[in-house]
Amino acid sequence: ISVTEGVTATVPNDDGTYTITYVIVVTNDAASAGHYDLADSLEYGAGVQVVGADVGTPPAAGPSTGWDGKNDVLVAGNVTIEGNSSHAYTVTVVAAPPDDPAPGALDCSLDSGESGTGARNTARVTSNGVVKAASACAAFAHLSITERVLPGSPKANGDATFTVAYQIDVRNSGAEPATYDLTEELLPGKGISVVSAATTANPDW
């Protein structure tokens, strides 16, 4: 009896969380029936919070009760599996990356000293005292934004107007590419009128 695991979807949500879907497949390639226990551990990177976790089980395993991937990792116990057959489990997790991630926490590379990384998930199947494991991981993007007034601003134009230049930096410090929308709102003080405004993107992009 063996086990495989893969990530089938990583969906960014509007609130900054991600929904990650994994599929775990337990296979019995022997001709006769067997039995197994299946455990599944969420081994996420430092600071990544699990907002919700759920597992869908095959009919042979019955519903999972209590599994949360952290405190209770048992998905199904003493499951009978017929010869030359497979059981598929679907794990769905909603997770929130930290605002200020530690280096390597989101990249799915399990480095020395790390107990988890990215959205790493490890399934373990035990049958006849033999434990086999499979892992899958989804890396996270992490966007942050900063803005500053550039040196030399505001600059007097000689006609009672001033030119102010701002620099906005959007940074992805995560391990996955991401897309974003950027808006900018001018909020001048009382009595100040905006004569004109323009934006210029980095020409190297």
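Which side chains meet in a salt bridge at 3.6 Å, N to O? They are those of Arg 124 and Glu 43, where a salt bridge is taken as a side-chain nitrogen of Lys or Arg within 4 Å of a carboxyl oxygen of Asp or Glu. The pair ties together distant parts of the chain, with Arg 124 in strand 7 and Glu 43 in strand 3, 81 residues apart. Strands here are DSSP runs (E, at least two residues), numbered from the N terminus.

The model is a predicted one, so local features need pLDDT of at least 70 and side-chain atom pairs count only at pLDDT 80 or more, while totals for chains, interfaces and linings use all residues. Residues are numbered from 1 along each chain as its sequence is written, and side-chain values use heavy atoms, leaving out hydrogens and water.

Two salt bridges turn up in the structure. Besides the one above, Glu 43 also pairs with Arg 120, at 2.9 Å, N to O. This link again spans distant parts of the chain: Glu 43 sits in strand 3 (residues 34-44) and Arg 120 in strand 7 (residues 119-127), 77 residues apart.

Through shared partners, the salt bridges join Glu 43, Arg 120 and Arg 124 into one network.

Note on methods: Helix = DSSP H or I, 4+ residues; strand = E, 2+ residues; numbered from the N terminus.
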